[in-house]
Structures are given as C-alpha cells and as structure tokens.
Amino acid sequence: MPHKPLTRAEVAKNNTEDSLWFIIDSKVYDVTDFKDAHPGGEAVLKQVAGTDATQAFYNLHRQEVLQKYSSLCIGQLDGEKSTVIEQSPGGLSVVPYGEPTWLTPQFKSPYYKESHRVLQKAMRLFTDKELYPVAQDCEKTGKHIPQELIDSMSEKGILHMRIGPGEHMHGVSLMNGAVKGEEFDYFHDLIVTQEMVRASARGFQDGNMAGMTISLTAVLQFANDEAWKNKIAQEVFSGKKKICLAITEAFAGSDVAGLRTTAEKTKDGKHYIVNGSKKWITNGVFCDYFVTGVKTDKGLSVILIERGEGVETSAIKTSYSAAAGTTFITFDSVKVPVENLLGEENKGIHVILSNFNHERWMMACAVIRMSRLVTEECMKWSNQRLVFGKKLVEQPVIRQKLAKMIAHCEANQAWLENITYQMTLMPYKEQSTHLAGPIGLLKMFATRSAHEIADEAVQIFGGRALTQTGMGKIIEMFHRTYKFDAILGGAEEVLGDLGVRQALKNMPRSML
C-alpha cells in the first residue's frame, strides 16, 4: 500500500504523548504506541517528537531497525524522496570497496564465468533470507544449528559444495541448477564460503557444519571400503548424521606428532580399543562421527569413531558463541572395527596433512571476506557519524585508517584469487607439493591483516565497537573473534615457518 503524503507542518503538530510522530529519511513514523517499548525509554523519543530525526536516528541505529519496525511508518513527506539506499535481500553493496572487484560493475576479472555469477546471486539470496536470521539468533542464544536449516542446505546441495570440487558433486542439483556439479570448481567453492560469511556470526559460522568440511574429505579420499564410504557420505550429505575432525589435544595443538590418544588392536585383530581425549573440537558436541587421530603401534593413524559407549562429549566455553559446539571429547576403551581405518595404519599423517590445504584456504576465504565487511561498515559509519560538527570521514586520520583497511582487503583478495586459479589447474597431489607454502603464507597474512583491520575499526567506531548490539555490533563481533582464524587450522607462526621452509627446499645451490 503506498504511503500517505504528509507535510512537515503536520508532523510538527504531533509532538505530544497522545500523538508522537517524527521523520526519518523523508518517511513519517508514528511511535505513539511504541514509546513504552523503546529500549532507550520514552524520554529519547520525546526529544525528537514532531521533528526530522534522521540525523539523530542514524547516529544511534542501523538501517535494519527501520526495516524491523516498518509497520510504524504511516506516510511519506509530500514532494520529498528517501536518500538512504536500503539493501534488499540478495543485492550487492554500493559502498566503494564493499564488494570484491569482480562483483563491482566497472571492473572486469579473468577468473569468473557466468556460472560463478549465477551461483553468487543464489548464495547471496540464501544467506540474506535463510542463513542470516538463524545465524544471528543462534549466535545470541548459543543454540546449535537447527535441523531445518541443515535440511535446507542439503536439499540445495550446499553441504556437497562446502567439501569442494570432486566426484561427490556429480549429478547433484546445486542451488536449483545454478551450476552443474561436474563443473563446480574452486572459484565456486570460494563464492560459497565468502557469501555465507556475510551472516556475520563467527561462532555460528563454525557451528554451521564446519566440522564436516574438514573431516568428511578424509572419508571420501581414504576409506578402504567403497560401500562403507558411500553410506557415511550419504548420511552426512543428507544432514541426518553429523561429522567432525578430532585431532587436537590439550597436549598437542599444532604438534600433530605429539598426539597421546591411543588405539590398540584386540588379540583377534578385529577391533581397535581407543583411549584418550581431544580438545577444542568444533561441532563435537552434536556430532555422530569423529574422524580421529590416534597413536597405533608404529606411528599415527586415523580412524572413524561412531558415537556410542565410551564416547563422552562436553561443551567448552570460548570467547565466541556456544553455537560453534566447541568440545572436549573423552574416549574410554571405545571399541572400533578395524574397517573404520582411514588410509593405512601408521601412515595417518598423510591423511591428516591432506586436508590442511583446503581447510586453510577456506579459512583465508572467510577471514578475507569478513575483513571486507568490517571495512564496509567503517566506510558507512565514517560517512554517517557527525563529530564536532563534521562527518568523521572529513578527518585525515580517519581516511588514513580506511586506506590501510582497503589496501589489506584488496591485496588479500587478489592473492587469494591467484592461488585459487592455481588450484583449478593442479591435481590435489600437486597442490600439496606446490601450494601448501603459499596457502600457509596467505592465511598467516590474512589473519595479520584482520588484526590490523579489527584494531582500526574499533578506533573508528569508538565505544560502539565494544557493544554487542547496535551500530557497532559487527565490529565488536569481529574484534572479539578474529583470533580464532589466527589459531585454528595452524597458528600464524607455524604457517609462516611452513611457507619459508617449503620455499627453501627449492633454493638453487648456486645461490648458497
């Protein structure tokens, strides 16, 4: 229904307790019946009754507040138009540097085809309409991902896509035909990760089946029985069962060789008896399967353990949301069939290392996109916030901060796309040989960039960056959680050393 045309004079008359109106961006709002429910109290609304409250509103609130209470809008100022651009679900940002260059109309990219653009549109719409509201609710309450959302992602092929390209994609309908499974490449993979990050909920981001993305690949690549592999894959891709990676221990973080969990064979050789514990396991609280690193008689092995007798899980509190399902796991004489061995016995290090590249690359995709979202928020806020009678962006020191943030975002996205292009041309074995170092260095630098961007963003937003609601909520979330990316999947120092050591292997003797 079109809004009723009103005049500023009419609005000015409605400045009493019995009729309290004000203007925001040329729209007229009647908050007479809302004043008691306003979080800031009735007095705040009385201060702007009958006036144009646009400036005051945008100094305190995000646009989504108006969208939430759109029913309070009773009219539009006669002859005036709204100047604030509302972001519609699925739409692209019009803020400079708010999108990577390939999504910015005036720029071109050699990497992306039409199927990439179709998938991006579908994933953006899914994130805005289905994922974002659930993510925000779970992030706030600490609830785990609801089965309804998992079922929706399964139906759309999103669970398949998050594992990356491979035979598991063949014949699968992806986002109602946005891309064929056989054509799905690492740029499609990048798009899925970067679009879903826009739900702006770091704990839920990991709670959203992140454990599956770093564990099911081990089953798909190293299961020794085809029928058994297909059974596990079908259960997980359907969303009926959940799976996670259980490698890290309190005694061994990045030092995988230092694992203490043991798996000893029974006398008849038909089972392993597993004893030990795992810590900081993402999704472990609600998982049915655990891809577990263990010590066998002559080295490391990896076996799939099903939840059952002797398996105990308990939640670990961390600085991000309990929605992630971060877990401490105890294995107490757990009996596991030897058929659950992944790869070869005592050669499990190859299974463990095989997935690190994709995991670290995915984490780089995510933190780089989230860094851009934070930079976009700072661009918007510095153009909106009035301080000492001037817009914040009119201060040279603020522009310098924005320049630094933009430079980090653009450099990292360009490096990421270059590495992604190499991934599309290399078999997985070649990726392990040639890209482990570059991916490690990229993740290290991306999380260092996040450190710089988080710091500058807090300074730009001030006290609002320390508040979990309101204008600075995205900044607060990022500043509180960006360190997860700097630690999980390999700490910055470990990955930096890996990158240099791999480079030194190729140093020519003539240079020594």
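**Domains, contacts and pairs**

The protein chain is split into domain 1 (5-77), domain 2 (103-208), domain 3 (239-345) and domain 4 (356-511), with bounds from an automatic or database domain assignment. This is a predicted model: local features need pLDDT of at least 70, side-chain atom pairs count only at pLDDT 80 or more, and totals for chains, interfaces and linings use all residues. Residues are numbered from 1 along each chain as its sequence is written, and side-chain values use heavy atoms, with hydrogens and water left out.

Q: How do you know that domain 3 and domain 4 are in contact?
A: Contact means heavy atoms within 4.5 Å, and five residues of domain 3 meet that with seven residues of domain 4.

Q: What is the area that domain 3 and domain 4 bury between them?
A: About 510 Å², 67% of it on carbon and sulfur atoms. Buried area is the accessible area (1.4 Å probe) lost on putting two parts together, summed over both.

Q: Why is the pair Arg-369 and Glu-99 called a salt bridge?
A: The rule wants a side-chain nitrogen of Lys or Arg within 4 Å of a carboxyl oxygen of Asp or Glu. Here the closest N and O atoms are 3.2 Å apart, so the pair qualifies. Arg-369 sits in helix α14 (residues 356-384) and Glu-99 in the loop between β5 (73-77) and α5 (114-141), 270 residues apart. Helices (H or I, at least four residues) and strands (E, at least two) are DSSP runs, numbered from the N terminus.

Q: What makes Tyr-320 and Phe-484 a stacked aromatic pair?
A: Rings of Phe, Tyr and Trp (its six-membered ring) pair if their centres lie within 6.5 Å, and planes under 30 degrees apart count as stacked, over 60 as edge-to-face and the rest as tilted. These two show 3.6 Å centre to centre and 15 degrees between the planes, so stacked it is.
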